[in-house]
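Student: Could you walk me through the ligand site and a few backbone details of this model?
Tutor: Gladly, let's take it question by question.

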Amino acid sequence: VLQQLAPRAARGAHMIADRDAHKREAAMAAVAMVEDGMVVGLGTGSTAAFAIAGLIDRVRSGLRIIGIPTSERSAKQARDGGIELTDFTHHTEVDLTIDGADEIARDSLDLVKGLGGALLREKIVAAASKRLVIVADEPKLVSSLGGTVAVPVEIVTFGWETTAARLSMLGANPVLRVAPDGAAFRTDGGNLILDCHFGVIADPGRLEQDLSRTIGVVESGLFIGMATTALVATPNGIIRLDR
Ligand code: A5P
């Protein structure tokens, strides 16, 4: 059994390393789109972290940018690396945001985001951005949203059980997200997340509207008509999709 397990574990490690290499490749292609003087939205997640690392390297070589982070985690990485940060009091428009996604619809570039828990700030930054560049590896590229991941929905704590019941009526099968310590997961804004399993979503735009109209919902992880470009790393190189 041990002999069988070892190669399987090694294969698993290789697959993770390959995925990381692809995420990094996509992230670096987006970093190359950043120009001197830009206000840059800094996404959240493992792929966005590669992009922030790439931006830190470019800033150390003389690139002048100001960043708007989408999470405390990304703010810390950027600040520690020497990227100057700003907020919407000082800059109301973002030139270009680089962020990851959990699913990207191939034709529309509609997205599911929020497995990392930062969907609210990500959506606010995306909405203020002239360009939203999504970086990902190939398994994230799908023909229809909802088939491989649940849709994260950020909700307020008060009466969350009743919000979950309302979401169930939309066909969601909501599951309260739990942190590694067993307590309910809290977003940077102090809210809860319900991971809503819809299966393949026939009309993501309509569902996004239904979710945002639901009492108790702060924001959903469906990003409709927001991404302008997707850079997707495949074993055969990077695919660029524009909307
Ligand atoms: C963070 O809240 C998410 O929207 C991330 O952008 C998404 O989960 C992608 O994360 P990875 O790059 O780690 O897959």
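**The ligand and its surroundings**

Student: How many residues surround the ligand, and which are the closest?
Tutor: A residue is near a molecule if one of its heavy atoms lies within 4 Å of it. By that rule 18 residues surround the ligand, and the closest are Ser46, Thr47, Asp102, Gly114 and Glu122.

Student: Before we go on, what are the ground rules here?
Tutor: This is a predicted model, in which local features need pLDDT of at least 70 and side-chain atom pairs count only at pLDDT 80 or more, while totals for chains, interfaces and linings use all residues. Residues are numbered from 1 along each chain as its sequence is written, and side-chain values use heavy atoms, with hydrogens and water left out.

Student: How far is an oxygen atom of the ligand from an N or O atom in the side chain of Thr47?
Tutor: A polar contact here is a pair of N or O atoms within 3.5 Å. On the backbone side, a ligand oxygen lies 3.4 Å from a polar atom of Gly116, and a ligand oxygen lies 2.9 Å from a polar atom of Ala118. For the side chain of Thr47, the distance is 2.5 Å.

Student: What share of the ligand's accessible area does the protein cover?
Tutor: Accessible areas come from the Shrake-Rupley method with a 1.4 Å probe. On its own the ligand has 380 Å² of accessible area, and the protein covers 91%.

Student: Which elements give two or more residues to the shell around the ligand?
Tutor: Helices are DSSP runs (H or I, at least four residues), as are strands (E, at least two), numbered from the N terminus. The elements that contribute two or more residues are helix 2 (46-60) and helix 4 (119-127).

Student: How many charged residues does the shell around the ligand have?
Tutor: Asp, Glu, Lys and Arg count as charged; Ala, Val, Leu, Ile, Met, Phe, Trp, Tyr, Cys and Pro as nonpolar; and the others, Gly among them, as polar. The shell has 4 nonpolar and 8 polar residues, and its charged residues number 6.

**Backbone details**

Student: Is Leu109 buried or exposed?
Tutor: Leu109 has a positive phi of about 60° although it is not a glycine. Leu109 is found in the loop between strand 5 (103-105) and strand 6 (111-112). Buried means under 20% relative accessible area, exposed over 50%, and partly exposed in between (1.4 Å probe, protein chains only). With a relative accessible area of 2%, Leu109 is buried.

Student: And Asn173, buried or exposed?
Tutor: Asn173 has a positive phi near 50° and is a residue other than glycine. Asn173 lies in the loop between helix 5 (160-169) and strand 10 (174-176). At 51% relative accessibility, Asn173 counts as exposed.

Notes: A polar contact is a pair of N or O atoms within 3.5 Å; within protein, one must be able to donate a hydrogen and the other to accept it, and residues adjacent in sequence count only if both atoms are side-chain atoms.
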